[in-house]
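I opened a new structure today and kept a notebook as I went. Here are my entries, in the order I looked things up.

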Amino acid sequence: LPVFLRLLTFMIVSPLFVLTILRCRYGVLKSWNWEVIVVVKFAVYMLSFLFIGKWYPAMIFAEKPADIWTQAPVDEELLVVLAWVAVTVVLCLYTPIRLVVLWVVPCATS
């Protein structure tokens, strides 16, 4: 099932990435609300961190990670939190998004 979740995340993030390149490179789709599109893209991207590793999918389905995987994975909570902080900092510093919309990204991860 984690492979399905990774595929689902890829299917959501990839079209948004292509649309962003079309907008930035070729100037099409100027009438769209790009603040909402970027915030949704980053929120989905940050939520996908929970399903990429080996620890969280096992815990979500109420299984012990050591019973599922041949090598017991370590708790990846610190890495996920650091990734969330890095993505939030990059989003806040390098994208021109108003605070009215920006609060959605940190709330999506809590």
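Predicted model: local features only at pLDDT ≥ 70, side-chain atom pairs only at ≥ 80, totals over all residues.

**Entry 1: The overall layout**

I began by reading along the sequence, and the pattern I wrote down is α-α-α-α-α-α-α. My tally for the protein is seven helices and zero strands.

Among the elements, helix α4 (residues 65-68) has the highest mean pLDDT, at 80, and helix α7 (residues 104-109) has the lowest, at 69.

**Entry 2: Inside and outside**

Next I asked what share of the protein's residues is buried. I noted 30% of the 110 residues.

**Entry 3: The largest nonpolar core**

Then I looked up the largest nonpolar core here, which has 13 residues. Which members touch the most others? They are Phe 49, Leu 91 and Ile 97.

I then checked where the core residues come from. Helices α2 (34-52), α5 (77-94) and α6 (99-102) each give two or more residues. Of the elements, α2 gives the most, with five residues.

Leaving aside its neighbours within four places in sequence, Phe 49 is in contact with Val 80, Ala 83, Trp 84 and Val 87.

**Entry 4: Helix α2**

I checked the length of α2 next. This helix has 19 residues and reaches 27 Å from its first C-alpha to its last, close to the 27 Å expected at 1.5 Å a residue.

I listed the buried residues of α2 as well; among them are Trp 34, Ile 37, Val 38, Val 39, Phe 42, Met 46 and Phe 49. I was pleased to spot Glu 35, Lys 41 and Ser 48 among the buried residues too.

Lys 41 came up again when I looked across to α1. Ser 14 has its place in helix α1. Ser 14 and Lys 41 are 27 residues apart in sequence, and their C-alpha atoms are 9.3 Å apart in space. With a relative accessible area of 21%, Ser 14 counts as partly exposed, because buried means under 20%.

I repeated the length check on α5. At 1.5 Å a residue, its 18 residues should span 26 Å, and the end C-alpha atoms are 26 Å apart, so the two agree.

Which residues of α5 are buried? I found Val 80, Trp 84, Val 87, Thr 88 and Leu 91. Looking down the helix axis, I saw that these buried residues fall within an arc of 100°, so they line one face of α5. The face turned away from that buried side carries the exposed residues Leu 78, Leu 79, Leu 93 and Tyr 94.

I took a second look at Trp 84, which sits in helix α5. Its relative accessible area is 15%, so Trp 84 is buried. Trp 84 and Tyr 45 are 39 residues apart in sequence, and 9.4 Å separates them from C-alpha to C-alpha.

**Entry 5: Two loop residues with positive phi**

Last, I looked at backbone angles. Leu 29 has a positive phi of about 60°, although it is not a glycine. Leu 29 lies in the loop between α1 (2-26) and α2, and is partly exposed, with a relative accessible area of 26%.

Leu 19, in helix α1, is ten residues from Leu 29 along the chain, and their C-alpha atoms are separated by 8.3 Å. Setting aside neighbours within four places in sequence, I found Leu 19 in contact with Leu 29, Trp 32 and Trp 34.

Ala 62 also has a positive phi, near 60°, and is a residue other than glycine. I found Ala 62 in the loop between α3 (55-60) and α4. Is Ala 62 buried or exposed? Its relative accessible area is 67%, so Ala 62 is exposed.

Technical notes
Residues numbered from 1 in each chain as written. Heavy atoms only, no water. Core = buried A, V, L, I, M, F, W, Y, C linked by side-chain atoms within 4.5 Å. Buried < 20%, exposed > 50% of the residue type's maximum accessible area, 1.4 Å probe, protein only. Helix = DSSP H or I, 4+ residues; strand = E, 2+ residues; numbered from the N terminus. Contact = heavy atoms within 4.5 Å. Expected span 1.5 Å × (residues − 1). pLDDT = per-residue confidence, 0-100. Arc of directions from axis to C-beta.
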